[in-house]
Structures are given as C-alpha cells and as structure tokens.
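These are my notebook entries on what I looked up, written for someone new to the entry. The sequence and the model come first, and my notes follow.

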Amino acid sequence: MSSIIQRFMDELPENKLLIMMIAVIVIGLLICFFGYKIMRVGITVFGFAIGFFSTAFIVNYLIHVNWITFPLAVIVGLLVAFGAFRLYEVGIFLVCGVCTTLSLFSLFADSESWWIYIAVIVAGLIGGTLAVFFIRPVCIFITAMSGGIVTVIEVCQKIQFTHTIIIFVLGILLGTMGMVFQFSMEKRIKRNHSEE
C-alpha cells in the first residue's frame, strides 16, 4: 500500500507537492482545533476525499490511464460525499474511522509488516464505531489527535526528521492542545446557551 502512495506522490510535480504539503498542514490544524465544530463540512469533504483517492489509487494501480482515473474518481467522490452528508452517523463513522486509520498509517508507513495494516484498519473501525455511539467526546478526541499527529508528521517530513517516537510524542502533545481547546469551546457554547 505504501508503495502505491509513494508512486502516486512521485508522479506529482514539485510545486504541487508543496501545495499539497501546505494544504495537509492547514487541514490538519483545522481538524486538530475545530474538528467537532466543522464535522458537517468535514463529513462532506472526507466523503469526497475517501471516494476520490481510493478510486484514484485503485484505478491508477490497475490500469494507469489518467483520462479514466480522474473523472471516475470525481464521480465516486461526489457520490460518497453526498451519501456521507445525508447519512450523518455514517459520515461520523467515516470521518472518525478514516482520521484514526490515516494518523496511525502515517506513523507506521515505513513498516512493511502485514499485521500493521490489519491493526490500523481494525483501529479505524473501532474509532468510527465508538464515534457513532459517543459522538461529541470521541469525535473531539479522534479529530484532535489525528489532526495533531498528521500535522506533526507532515512538518517533520519536510525537515527530514525521522525519529518516530519523538514525532508520535509531538503529535500527541499537539493533539492534546487541540482536544483541550475543542472541549473548552464546547463548554463555552453550552454555557452561553444556558444563559440565554
């Protein structure tokens, strides 16, 4: 799987890689500090991203025909985005499951052990399921942690810092800051509503 992603990244021009890196950092910070607040938007965007990128990777891996890959990926992305937006709990499952999977997969991307892929997918399924049953606390926890980890990984890749344990700790620290911010924001909103 990591070789497919690497091949996809290698085909991108340098200026697009920089734009993609900046976008990942900005999105990571937004997810870390405002994940629950922007959940409805996030559900739609994640739905599109899941449909688009999974289709693009699969089609690109199987047939290598760009003029088929892009339109098909857009169509599937739009369909998944619409479905995720209309079915809120499915969207919650997708967002939290994918956030968990991506952040863990990013940490262990260098490993080629087959069991890590299974463990990461299982963790994503557990995260998505818990989020459906305990929407607010689990969504805040998962979005804060995954946003923090992905942001730190992206920055560390740019400066070529590769110590996984330190990256993980820095990601957890940023995620904890995001989680505290999100919970305090929710408390403030609740307090304001009770005062009205």
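How many salt bridges does the structure hold? I found one salt bridge, taking the term to mean a side-chain nitrogen of Lys or Arg within 4 Å of a carboxyl oxygen of Asp or Glu.

I note that this is a predicted model, in which local features need pLDDT of at least 70 and side-chain atom pairs pLDDT 80 or more, while totals for chains, interfaces and linings use all residues. Residues are numbered from 1 along each chain as its sequence is written, and side-chain values use heavy atoms, with hydrogens and water left out.

The bridge joins the side chains of E186 and R136 at 3.6 Å, N to O. The pair links distant parts of the chain, 50 residues apart, with E186 in helix α8 (residues 164-195) and R136 in helix α7 (residues 135-158); helices here are DSSP runs of H or I with at least four residues, numbered from the N terminus. E186 counts as buried because its relative accessibility is 9%, whereas R136, at 33%, counts as partly exposed (buried is under 20% relative accessible area, exposed over 50%, partly exposed in between, with a 1.4 Å probe and protein chains only).

I then turned to helix α5. Its buried residues include I92, V95, F105 and L107. In the contact of helix α4 with α5 (heavy atoms within 4.5 Å), V80, A84, F85 and R86 in α4 meet Y88, G91 and L94 in α5.

Technical notes: Helices (H or I, at least four residues) and strands (E, at least two) are DSSP runs, numbered from the N terminus.
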